[in-house]
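These exercises ask the reader to work through side-chain pairs, each followed by a solution in steps. Please look at the structure before reading the solutions.

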Amino acid sequence: MGCDGGTIPKRHELVKGPRKVEKADKNAELVAKWHYCALSQEKLRRPIVACELGRLYNKDAIIEFLLDKSADKAPIKAASHIKSIKNVTELKLADNPAWSGDKESIKGDKYDDMQSARFICPVVGLEMNGRHRFCFLRNCGCVFSERALKEIKSEVCHKCGVPFQEEDVIILNGNKEDVEVLKKRMEDRRLKSKLEKKSKKSKSAESASQQGTAEASPGPSKAKDGKDCVSSSSGEKRQVTITKSSDNGNSSVPGKVNKASATTTKRSIADSEKSEAYKSIFTSHSSAKRSKEECSNWVTHTAYCF
């Protein structure tokens, strides 16, 4: 009946060794990444979007996440880098004609093959189930297998013809090394966009200030500056600028000041000449009167003597 000496315990039953690390099932992990949304954990359904790190999401889940501004919002690591809808790209996926979907297994009496993929590569025809590496182009959102891009090298999208660069290729559900490279590219891209926005703002501010100064300036006429030197009585030279407008040949206010000064100098010269003439006439009249008086006095004196 047992425990009567006929049973001999083994070593692993008596000695407790280190526990084995439980490993996640690879098939279940692949199904979770390629068939379910990384944010809401629901099945992927169109429209499907992907972030700059290559994770798959339902678009409505991303919109709800961005619209939720409540203070009790729990931080989600899978979407912490998504700040706006511009940080995700809507994917253009090619349907797999061999995929029947969940219609035949509604009653639950049929085996559901989770390894069969809903989407395929439009160039090579590989299924997008995690067994093969897939990527998408950030410019247009078209999805291809990495094998297709390596075998058919081109600088233009195979599906829509949009040109792309190596930085625009983002690996879907890549490993840790791929995620680190994509994260570095994302940070560089965002920093570059911030610098471009700052430069645009500074240029717009400069243009606005230049327009304000142009409106504040008196008229659109181009002024030609001239300089006239007027010497004062003390020997110092004074410069008077004369501006001429392009519309009329008339001089502006400084020119009028120059003309006024010239007319005053002319008047002063004329007045001095007139005063000198009056002085000469007065002296001549006075000398003539003196001579007549002297003659009359001399005549009276001589007559008295005789």
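**Exercise 1.** Locate Glu-29 and Lys-33 in the secondary structure, and describe how their side chains meet.

Solution. Both Glu-29 and Lys-33 lie in helix α2 (residues 26–35), four residues apart, which is about one turn of the helix; helices here are DSSP runs of H or I with at least four residues, and strands are runs of E with at least two, numbered from the N terminus. The model is predicted, so local features need pLDDT of at least 70 and side-chain atom pairs count only at pLDDT 80 or more, while totals for chains, interfaces and linings use all residues. Residues are numbered from 1 along each chain as its sequence is written, and side-chain values use heavy atoms, with hydrogens and water left out. Next, the two side chains meet in a salt bridge at 3.9 Å, N to O, the term requiring a side-chain nitrogen of Lys or Arg within 4 Å of a carboxyl oxygen of Asp or Glu. Finally, Glu-29 is partly exposed at 39% relative accessibility, and Lys-33 is partly exposed at 36% (buried means under 20% relative accessible area, exposed over 50%, partly exposed in between, with a 1.4 Å probe and protein chains only).

**Exercise 2.** Which parts does the salt bridge between Asp-178 and Arg-133 tie together?

Solution. The closest N and O atoms of Asp-178 and Arg-133 are 3.0 Å apart. Asp-178 lies in helix α5 and Arg-133 in the loop between β5 (119–120) and β6 (134–137), so the pair ties together parts that are 45 residues apart in sequence. Asp-178 is buried at 19% relative accessible area, whereas Arg-133 is partly exposed at 37%.
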